[in-house]
Amino acid sequence: MKTIIAVGIGGFCGAIARYGMSLLIPNTGNFPIATLTINLIGCLCLAWLFTTFAHRTPLVLGIGTGFLGAFTTFSTFSVETLLLLENNDWMTAISYSLISVLGGLLCVVTGAWLARGRMK
């Protein structure tokens, strides 16, 4: 029960933080920089967290699954990509998709690397 409550509270806070960040980071032109930035930060933080704390306590799950899960958003990324495609902005859609996926993987590798360096 503690884990469910921790994930719920984390999710609530993560959704609020995501909304706040999207207000602070203006999109430039058609490129959805706000969602990209939020998702890349989330990738780095989640990899660091789950590498640093292999034991999934309620607190770790509240921060990782709850907060960071609600903070990042694959669905918004997908809808924004679809809208770009529907508006025939193919190059932006392709760029956004590639930067999101490759950047996300780079951030995950970096987060895990930072956590492993901290543990030595």
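Here is a short walk through this structure, from its overall build down to a few single residues.

What you see above is a predicted model. Let us start with the whole. The protein has 5 helices and 0 strands, and read along the sequence its pattern is α-α-α-α-α. Its C-alpha atoms fill a box of roughly 45 × 30 × 20 Å, taken along the principal axes. Of the 120 residues in the protein, 34% are buried. The protein exposes about 7,400 Å², and 75% of that area comes from carbon and sulfur atoms. There is also something to say about how the chain meets itself: among contacts between residues at least 6 apart in sequence, 69% join residues at least 24 apart.

Now let us look at a pair of helices. Two packed helices are described by the angle between their axes and the distance between the axes. Helix H1 and helix H3 (residues 58-71) pack at an angle of about 35°, and their axes lie 6 Å apart. The crossing of H1 and H3 is right-handed. On the H1 side, the residues making the contact include Ala6, Gly10, Gly11, Gly14, Ala15 and Ala17, along with Lys2, Arg18 and Met21. From H3 come, among them, Pro58, Leu61, Gly62, Gly66, Phe67, Ala70 and Phe71.

Next, follow the chain to Ile25, which sits in the loop between helix H1 (2-24) and helix H2 (33-52). Is Ile25 buried or exposed? Its relative accessible area is 18%, so Ile25 counts as buried, the cut-off for that being under 20%. Which residues does Ile25 touch, leaving aside its neighbours within four places in sequence? The answer is Ile33, Ala34 and Thr37.

Finally, turn to another isoleucine, Ile94, whose place is in helix H5 (residues 90-119). Ile94 has a relative accessibility of 42% and therefore counts as partly exposed, a class that lies between the 20% limit for buried and the 50% limit for exposed. Ile94 is also part of a nonpolar patch on the surface. To recap the two isoleucines, Ile25 is buried in its loop, whereas Ile94 is partly exposed.

Methods:
Residues numbered from 1 in each chain as written. Predicted model: local features only at pLDDT ≥ 70, side-chain atom pairs only at ≥ 80, totals over all residues. Heavy atoms only, no water. Patch = residues over 30% accessible without salt bridge, like charges linked within 9 Å, V, L, I, M, F, W, Y side chains within 5 Å. Areas by Shrake-Rupley, 256 points an atom, 1.4 Å probe, with all protein chains shown as cover. Salt bridge = Lys/Arg side-chain N within 4 Å of Asp/Glu carboxyl O. Helix = DSSP H or I, 4+ residues; strand = E, 2+ residues; numbered from the N terminus. Buried < 20%, exposed > 50% of the residue type's maximum accessible area, 1.4 Å probe, protein only. Contact = heavy atoms within 4.5 Å. Axes fitted to C-alpha atoms, helices over the stretch in contact; angles between N-to-C directions. Left-handed = near helix turned anticlockwise from the far one by under 90°.
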